[in-house]
Amino acid sequence: MPAIPAWLIEPLWVQFAALLPERPMYQPTHPLGCHRKRVDDRIVFDKLVQVLRFGCSYEAIADATCSATTIRGRRDEWISLGMFAQLKQIAVDAYDRLVGLVLDDIAVDGCITKAPGGGDCAGRSPVDRGKRGMKRSTMVDGYGIPLGRVLAGANRHDSPLLAPTLDHLNGLGPLPESITVHLDAGYDSAATRTLLAERGLTGQIAHKGDKAPIQAGQRWHVERTNSWHNAFNRLQRCYERTEKVIDAYFDLADAIITVRSLTRRAWTLYRWDTRPNRRR
């Protein structure tokens, strides 16, 4: 079973391949003038997507075409080059150009997942009997396109993570004059309202004690995005210990989510010669 369908992974790979620097097929500095052939980048990219989607270990996904050591090494090489962050930014820019980000209404929410391996972003989970867990504070636009995130231990409260999460607005270019931030009752405090006022943002914050259906507002977009993220088992149960690796997997997941949303929404907004008869 493929990790993601071909109509989705192909445009991602084409753009990712365009960002890759040229590498020789054989190592020219080898002392004997020979070396094993370099594993094709497409094979490693597919392996990383499978690890992200299925949550399996590198050893379990390795085979005769690519070893676990090669997967880790190429992953770290691409992270050092900023490849995954660039891919995510290109996907967001393409979505904004063709469909348009809904920045008048954004939503921020925290989500706790498991982190059995511990690491930089792990802490005692208050909802899992003190086991190690990870919290992500995610910001999305009015449709649910992920705009940025902050990773922390599961024992961190949502409110202190709001400011660094909102900092991701700075890299989105021109912003609307009026932006409404939709938050749940966990952010219902004077400190949050002061923070939003200092940034020129309007807050629609749920009140503590009121039932959720009465004041659901427009927070369901971020809840749906959290579900999209948790569909990637590597993020829902994270065994990575280094924050930069976790961030890279989130960037790859964000790119997949954004390109999928772009493809589906473009089906209703545009017409082209090879447009399928049915919406995917």
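Modeller: Quick ground rules: numbering runs from 1 along each chain as its sequence is written, and side-chain values use heavy atoms, with hydrogens and water left out. As this is a predicted model, local features need pLDDT of at least 70 and side-chain atom pairs pLDDT 80 or more, while totals for chains, interfaces and linings use all residues.

Colleague: Which helix gives the most to the lining of the largest cavity?

Modeller: A cavity is a set of points on a 1 Å grid over the protein atoms alone where a 1.4 Å probe fits but cannot get out, and lining residues have an atom within 4 Å of a point. The structure holds one cavity of 30 Å³ or more, with about 40 Å³ of space in the largest cavity. Its lining is Leu48, Arg75, Phe84, Val245, Ala248, Tyr249 and Leu252. Four residues come from residues 243-269, that is, helix α10.

Colleague: How many residues of the lining of the largest pocket are charged?

Modeller: A pocket is an open set of grid points with protein on both sides within 12 Å along at least five of seven lines, and the largest pocket has a volume of about 500 Å³. Of its 22 lining residues, Trp7, Pro11, Val259, Leu262 and Thr263 are the closest to the centre. Helices α1, α5 and α10 each supply at least two lining residues. The lining divides into 15 nonpolar and three polar residues, and the charged ones number four.

Colleague: And how many nonpolar residues are in the lining of the second largest pocket?

Modeller: About 360 Å³ of space lies in that second largest pocket. Of the 16 residues lining it, those closest to its centre are His35, Arg36, Lys37, Arg38 and Val39. Five lining residues are polar and five charged, and the nonpolar count is six.

Colleague: Is Leu98 buried, partly exposed or exposed?

Modeller: Leu98 sits in helix α5 (residues 83-98). Buried means under 20% relative accessible area and exposed over 50%, with partly exposed in between (1.4 Å probe, protein chains only). Since its relative accessible area is 38%, Leu98 counts as partly exposed.

Colleague: What about Glu22, buried or exposed?

Modeller: Glu22 lies in the loop between α1 (6-19) and α2 (41-54). Because its relative accessibility is 78%, Glu22 is exposed.

Methods:
Grid points are joined across faces, edges and corners, and a volume is the space filled by probe spheres set on the points. Ala, Val, Leu, Ile, Met, Phe, Trp, Tyr, Cys and Pro count as nonpolar, Asp, Glu, Lys and Arg as charged, and the others, Gly among them, as polar.
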